[in-house]
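Please read this short report with the model open beside you.

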Amino acid sequence: MTLNWTLDATDGTARAGTLRTAHGDVPTPVFMPVGTAGTVKAMTADAVRSTGARMVLGNTYHLMLRPGAERVARLGGLHRMMDWSGPILTDSGGFQVMSLSGLRKMDEQGVTFQSHIDGSKHRLTPEHSVEIQRLLDADVTMCLDECTPFPATEKQAAESMRLSMRWAARCREAFTPREGYGLFGIVQGGVYPDLRAESVDALTAIGFEGYAVGGLAVGEGQEMMFSVLDTTVPRLPTDKARYLMGVGTPSDLVGAVRRGIDMFDCVMPTRSGRTGRAYTRHGMLNMRNARHADDGGPIDPACTCPACARHSRAYMHHLFKAGEMLGPMLLTWHNIQYYQDLMAELGGAILAGRFEETAARIDAGWRNSEEEKAA
Ligand SMILES: [Zn+2]
């Protein structure tokens with residue numbers, strides 16, 4: 001049996017469930033820390049595990065260029081290479097080809113691009129992307145698609161989405177079913193409800209183990225993103241996992257879980273951690289801000305991570321001011337802990353039938369906060 005997802009409880013349209021993979025079960029809603037190049041930046045695998053994270057994401061684009069998918073396979077696959085025994089989802093490489101590589105050329109068959117590392121020329125097709133993800137040993141393989149740029153006219157969004165749907169059929173064809181492994185299709189269509197609906201219909205006609213909503217959080221704003229989810233999510237199959245790609249802020253996650261999304265990934269907690277920005281139950285703090293220089297209290301008193309349990313805001317401030325490596329390490333740990341705690345809280349609330357009061361409390365903590373600017 002391929003990877004599957006089962007529903008444990010609903011509260012409104014929010015869902016709690018279990019994703020069953022070759023490398024273990026994952027309770028949803030779940031946030032997957034981003035392990036771009038075979039590492040969640042600045043964290044050991046043990047540290048990632050200690051936050052309660054059960055599943056991580058790897059980036060096909062980065063891994064195919066360096067160290068190379070065949071080499072990862074020879075080293076025993078991505079799980080073994082990065083000491084992550086839990087499930088791994090890999091993206092298709094398409095998004096980063098568009099955002100990172102130099103020259104690139106799209107055609108019906110695939111995309112040719114230049115590596116951002118050494119300028120070497122590469123080609124990615126739907127079949128090749130699926131094969132690379134098999135070599136990496138991804139539990140969840142994502143279909144290669146074109147992430148429609150924002151803004152796009154309805155005509156551009158339609159052409160781009162229809163190309164992605166033809167590629168999705170080719171990915172399905174190229175994917176070899178294996179016990180506990182699965183392939184997810186990606187809904188595109190920009191901000192146009194009719195195109196999103198057409199995309200859902202095309203994907204469900206092909207049939208996938210899970211469905212992702214792509215092409216959001218690209219500049220359309222939260223209100224528009226939620227409006228796309230409002231029209232798209234209800235059309236998705238109820239018995240398959242739903243994954244909102246590359247999203248987002250704590251308030252984005254709360255709103256998307258409310259609308260029936262099960263899976264998330266985003267670079268924000270790790271990237272912010274490296275630049276001194278901390279997510280807390282009372283909003284965002286910038287550890288570089290001078291007001292933390294003499295503060296002996298923790299970043300977030302409710303947090304159990306080592307940065308909060310053993311260190312002060314003053315020490316974190318010092319580490320960032322001094323450019324010490326430990327600053328980004330501890331703060332990334334803290335931010336991943338915050339995201340895991342947030343998802344565990346939302347999941348628990350759905351199971352207990354009190355999602356809305358929990359969501360309101362989390363939102364209030366953020367609404368009343370004033371984000372700190374760098375000192
Ligand atoms: Zn903490």
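## Ground rules

A residue is buried if 20 or more other C-beta atoms lie within 10 Å of its own, exposed if 12 or fewer, and partly exposed in between; C-beta atoms are placed from the backbone. This is a predicted model: local features need pLDDT of at least 70, side-chain atom pairs count only at pLDDT 80 or more, and totals for chains, interfaces and linings use all residues. Residues are numbered from 1 along each chain as its sequence is written.

S92 sits in the loop between β7 (88-90) and α5 (94-100). Helices (H or I, at least four residues) and strands (E, at least two) are DSSP runs, numbered from the N terminus. S92 counts as buried because it has 28 C-beta neighbours inside 10 Å. Contact means that the C-beta atoms of two residues, placed from the backbone, lie within 7 Å. Setting aside residues up to four places away in sequence, S92 touches T60, S129, M142, C143, L144 and D145.

Q188 is in the loop between β12 (182-187) and α8 (193-206). Q188 is buried too, with 29 other C-beta atoms within 10 Å. Beyond its neighbours within four places in sequence, its contacts include D145, S160 and G215.

## The sheet

Nine strands form an open sheet, in the order β4-β15-β14-β13-β12-β11-β7-β6-β5, with parallel pairing. Its edge strands, β4 (30-32) and β5 (34-35), each pair on one side only. Two strands pair if DSSP finds at least two bridges between them. β14 (residues 241-244) and β15 (residues 263-265) are joined by 2 bridges. Y243 stands opposite M263 in β15.

## The core and helix α14

A nonpolar core is a set of buried Ala, Val, Leu, Ile, Met, Phe, Trp, Tyr and Cys residues joined through C-beta atoms within 7 Å. The largest one has 111 residues, and A212 is among those with the most contacts inside it. α14 gives the most to this core, with 12 residues. Domain 1 (4-266) and domain 2 (275-367) both contribute, so the core lies between them. Domain bounds come from an automatic or database domain assignment.

In α14, 21 of the 27 residues are buried. G353 follows α14, and its phi is positive, near 70°.
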